Amino acid sequence: MPECVSVSEFVQEVQEDWSSPTTSSFTSKMINCRNTIYLLEEALDSDRLVLQKMKKAAKAKYASGQDHVSHLEHYINSMEKLAVNCHSNGETEVGSAFCHLADFSKELLSPMKNLLKSMLHNINFFLDSLVKGDLREVKGDLKKPFERSWRDYENRFKQVEKEKRELARQYGMVRSEVSGGEIAEELEKERRSFQLSMCEYLIKVNEIKTKRGVDLLQNLIKHYHSQNNFLQECVSTTQRLKQYMEELNVVLNT
């Protein structure tokens with residue numbers, strides 16, 4: 001597994017480089033910074049694929065809930081029409097019973113609609129925004145500025161290294177390699193650009209992690225509060241329904 005750097009290590013290395021460019025070890029850590037970016041990119045892409053599936057499942061769940069509500073409304077409407085028919089035929093008690101059961105179903109319908117509304121706003125909209133917004137750039141675009149700054153540094157390093165070797169050759173010397181500290185001042189602009197792009201990338205990654213972690217969990221909590229309210233309302237309604245069914249059963253047997 002390639003060696004990486006943590007955010008705290010990166011910040012420390014940058015601070016040391018700013019304090020003393022010629023003695024800092026930042027240039028030797030740059031390849032580790034690059035490895036870190038690629039590993040973070042892989043992890044974010046894995047999150048993106050999971051969240052895409054979650055978004056698709058949430059969308060299907062909401063759609064099936066909407067269908068269930070629609071079917072329940074048709075079911076209630078049919079029961080009410082049946083109650084009207086019974087009243088018209090002189091079956092008053094039977095018609096009243098159908099009407100009461102339709103009313104109980106209506107009481108279950110309202111909290112169900114509220115639960116679906118909660119899912120749409122707290123889960124579906126949030127996941128859609130996260131997948132199509134912040135995570136959309138993960139597949140390559142997010143690290144482009146960093147890669148550009150890396151190439152700029154490499155190209156400039158090779159250019160300065162070539163110049164140093166050529167200068168040494170003119171004086172009859174052979175340079176095997178050029179240290180980063182030796183040319184730190186000449187590559188300061190490219191190194192600062194590299195550090196800035198790495199900072200911007202880490203900030204963006206932190207924002208995405210916060211949204212797919214803390215923010216998503218907070219939205220789930222809001223939704224599960226709605227689900228808890230839904231279940232409590234259903235329990236309250238079904239308890240009254242149970243009592244009514246016991247009374248109705250006696251009448252029907254008679």
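Helices here are DSSP runs of H or I that are at least four residues long, numbered from the N terminus. By that count, Cys 99 sits in helix H3, which covers residues 92-132. Keep in mind that this is a predicted model.

**H1 against H5**
- On the H1 side, the residues in contact are Val 7, Phe 10, Val 14, Asp 17 and Trp 18.
- Their partners in H5 are Arg 191, Arg 192, Gln 195, Met 198, Cys 199 and Leu 202.
- Sorted by class, the H1 and H5 contact comes out at seven nonpolar, one polar and three charged residues.

**H2 against H5**
- The axes of H2 and H5 come within 11 Å of each other and cross at roughly 30°.
- Angles under 35 degrees count as roughly parallel, so that is how H2 and H5 run relative to each other.
- H2 also passes H5 in a left-handed crossing.
- H2 brings a list of residues to this contact, including Phe 26, Met 30, Ile 37, Leu 40, Glu 41, Leu 44 and Met 54.
- From H5, the residues taking part include Phe 194, Met 198, Tyr 201, Val 205, Ile 208, Lys 209 and Leu 216.
- By class, the H2 and H5 contact has 15 nonpolar, three polar and five charged residues.

- Glu 41 belongs to helix H2, residues 26-88.
- Its relative accessible area is 6%; the cut-off for buried is under 20%, so Glu 41 counts as buried.
- The Glu 41 side chain makes a polar contact with the side chain of Tyr 201, at 2.4 Å.
- Tyr 201 is among the H5 residues that meet H2, and Glu 41 is among the H2 residues that meet H5.

**Back to Cys 99**
- Cys 99 in H3 has a relative accessibility of 34%.
- Cys 99 and Arg 156 are 57 residues apart in sequence, and their C-alpha atoms are 83 Å apart in space.

Terms used:
Residues numbered from 1 in each chain as written. Predicted model: local features only at pLDDT ≥ 70, side-chain atom pairs only at ≥ 80, totals over all residues. Heavy atoms only, no water. Contact = heavy atoms within 4.5 Å. Helix = DSSP H or I, 4+ residues; strand = E, 2+ residues; numbered from the N terminus. Nonpolar A, V, L, I, M, F, W, Y, C, P; charged D, E, K, R; others polar. Buried < 20%, exposed > 50% of the residue type's maximum accessible area, 1.4 Å probe, protein only. Polar contact = N/O pair within 3.5 Å; in protein donor to acceptor, adjacent residues only side chain to side chain. Axes fitted to C-alpha atoms, helices over the stretch in contact; angles between N-to-C directions. Parallel < 35°, antiparallel > 145°, perpendicular 65-115°, else oblique. Left-handed = near helix turned anticlockwise from the far one by under 90°.
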